[in-house]
Amino acid sequence: MKKNNIYKEKTLVSGSANQSIALGLFAGLFTCGVANAQFVNSGDVNITDNTIVAIYMDYENVPSGNFINDGQLYIFQNWKNDGLVTYTENLKGATFFVGSEDQFIDGTEVSNFKNTIFRNVSSPIPFHLLGKIAVGGNSEFDKGVIQAGDYGGKVIFREKAAHTLTSDLSFVDGQVEKDGVAAFEFPVGDGNYFRPSYHASGTGNGGIYTTQYFNKNSNSLHSHDSRDKDILSINQNEYWEVTQDQGAEKIILSLTMDNRTTPAAFFNPGDDYEVVITRWDNASGEWVNEKGAVSDPLPGKPYEKLITAQVSGYGLFTMALVKKAPPISEEVEIFNALSPNDDGLNDSFVIKGIDQFPDNQVEIYNRWGVKVYEAKSYNESDNMFRGYSDGRATIKRGDKLPTGTYFYILKYNTGNKVKERTGYLYINNQ
């Protein structure tokens with residue numbers, strides 16, 4: 001960050017609604033006829049509710065600086081935080097990174113914001129994140145990619161945080177951390193491609209996960225020649241790195257498939273092959289088959305499909321082609337569509353023949369990895385899924401689930417072995 005001119009501000013920033021004051025006025029005074037001016041805070045700044053503040057110069061919050069934003073803060077130049085940046089939880093502070101010049105976001109300490117808006121038209125990648133920012137409310141990705149991977153930066157979403165407007169024009173190229181158990185679409189991508197992954201960290205407490213997408217060949221990190229014997233080939237174009245920084249649960253992971261980056265063979269594997277998720281397993285020193293199921297096309301998304309699996313570990317993930325296993329005997333037949341409108345047709349999730357295997361378990365997840373239904377001793381009469389949540393997850397019991405594609409896991413004991421079937425289930429609740 002440039003330090004041609006340094007000015008210190010220790011005053012309390014406050015004001016009435018629709019009033020642009022203090023920092024904006026200082027910026028206007030100090031930048032008049034002065035290039036690359038910088039504003040340094042070593043004291044206390046408090047932007048109160050219903051206050052609008054604009055910073056038109058480079059801003060630095062030094063270790064002794066305390067910066068609280070509960071109003072609307074507009075940052076037009078670079079931002080650096082080595083002190084405390086925070087907000088009041090029950091207020092609606094918003095921080096706008098806006099402008100027509102590239103912006104560097106730096107610092108040794110996390111900048112905590114309630115809501116953020118990224119809107120910069122200077123270039124396709126105008127935001128350069130060298131430090132860490134954390135969002136407690138919503139992050140609006142309006143215009144401009146956040147480059148964090150090249151600098152070791154990170155965007156953190158707190159437990160109840162979310163994001164909107166992500167697209168090929170605005171996402172995080174680097175690490176994204178999500179705290180808590182809520183379902184989440186990780187707004188990650190690389191270069192010109194928004195390639196999110198989805199998952200929830202279960203129904204426990206304290207889960208923290210970090211994800212990054214790479215439009216690169218993972219063979220350079222771990223040889224694709226070291227793989228399960230049933231894996232025929234591995235996606236050479238892309239991979240995700242998913243780490244569990246805190247927690248113990250295994251996740252239902254969904255990766256996106258995009259014909260601009262995902263090889264054509266994974267969209268058209270043929271009759272003898274199928275697509276699965278593969279993970280590099282450090283313990284065995286090879287790429288392992290995590291299985292999975294591929295969804296139908298998803299209209300209205302910048303990517304075409306999802307591939308979903310309940311994964312057994314963490315690390316590097318991508319897709320692989322495997323030879324289809326011999327057909328499972330017709331012990332059970334799964335009907336993977338239902339329209340629970342009480343017309344007597346397809347009102348429930350039918351697994352024909354499951355009555356022969358009462359030692360069974362059925363789990364159903366939405367595409368974000370949230371469990372919406374779970375049952376043991378599933379049968380064809382009085383213990384069936386009818387398109388409603390069973391209340392054992394984050395979806396309220398008795399809620400009618402929205403129309404869409406869901407992922408199921410069926411496990412049943414034949415007496416000789418426990419078999420597992422997975423796939424997609426379509427619910428039409430219209």
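Close-up 1. Ser-377 is partly exposed, with 39% as its relative accessible area, in a model that is predicted throughout. Its place is the loop that runs between strand 39 (371–376) and strand 40. Although Ser-377 is not a glycine, its phi is positive, at about 55°.

**Close-up 2. Asn-50, a non-glycine residue with a positive phi in the loop between strand 3 and strand 4.** The loop that holds Asn-50 lies between strand 3, residues 44–47, and strand 4, residues 52–55. Asn-50 has a phi of about 65°, a positive value in a residue that is not a glycine, and with a relative accessible area of 49% Asn-50 counts as partly exposed, since the class of exposed residues begins over 50%.

**Close-up 3. The second largest pocket and its lining.** The space in the second largest pocket comes to about 360 Å³, and 20 residues line this pocket. Of these lining residues, Arg-367, Trp-368, Thr-403, Gly-404 and Thr-405 lie nearest the centre of the pocket. Strand 40 (404–413) and strand 41 (418–427) each contribute at least two residues to the lining, and strand 40 provides the largest share, which is three residues. Sorted by class, the lining of the second largest pocket consists of twelve nonpolar, five polar and three charged residues.

**Close-up 4. The salt bridge between Arg-119 and Asp-142, and the network around it.** The whole structure holds twelve salt bridges, one of which joins the side chains of Arg-119 and Asp-142 with an N to O distance of 2.6 Å. This pair links distant parts of the chain, with Arg-119 in strand 13 (residues 115–120) and Asp-142 in strand 16 (residues 138–143), 23 residues apart. Both partners are partly exposed, Arg-119 at 34% relative accessibility and Asp-142 at 30%. Glu-140 is also part of the picture, as Arg-119, Glu-140 and Asp-142 are linked in a network of salt bridges.

**Close-up 5. The salt bridge between Asp-179 and Arg-158.** The side chains of Asp-179 and Arg-158 meet at 3.2 Å, N to O.

**Close-up 6. The salt bridge between Glu-331 and Lys-419.** The closest N and O atoms of Glu-331 and Lys-419 are 3.1 Å apart. Glu-331 belongs to the loop between strand 34 (315–323) and strand 35 (333–334), and Lys-419 to strand 41, so that the pair links distant parts of the chain, 88 residues apart.

**Close-up 7. Asp-347, a buried loop residue, and its contacts.** Asp-347 sits in the loop between strand 36 (337–338) and strand 37 (351–352), and because its relative accessible area is 17%, under the 20% limit, Asp-347 counts as buried. When neighbours within four places in sequence are left aside, Asp-347 is in contact with Leu-338, Ser-339, Pro-340, Asn-341, Asp-342 and Arg-386. Asp-347 and Phe-385 are 38 residues apart in sequence, and the distance between them in space is 8.8 Å, C-alpha to C-alpha.

How values were computed
Residues are numbered from 1 along each chain as its sequence is written. This is a predicted model: local features need pLDDT of at least 70, side-chain atom pairs count only at pLDDT 80 or more; totals for chains, interfaces and linings use all residues. Side-chain values use heavy atoms; hydrogens and water are left out. On a 1 Å grid over the protein atoms alone, a cavity is a set of points where a 1.4 Å probe fits but cannot get out, and a pocket is an open set with protein on both sides within 12 Å along at least five of seven lines; lining residues have an atom within 4 Å of a point. Grid points are joined across faces, edges and corners, and a volume is the space filled by probe spheres set on the points. Helices (H or I, at least four residues) and strands (E, at least two) are DSSP runs, numbered from the N terminus. Ala, Val, Leu, Ile, Met, Phe, Trp, Tyr, Cys and Pro count as nonpolar, Asp, Glu, Lys and Arg as charged, and the others, Gly among them, as polar. Buried means under 20% relative accessible area, exposed over 50%, partly exposed in between (1.4 Å probe, protein chains only). A salt bridge is a side-chain nitrogen of Lys or Arg within 4 Å of a carboxyl oxygen of Asp or Glu. Contact means heavy atoms within 4.5 Å.
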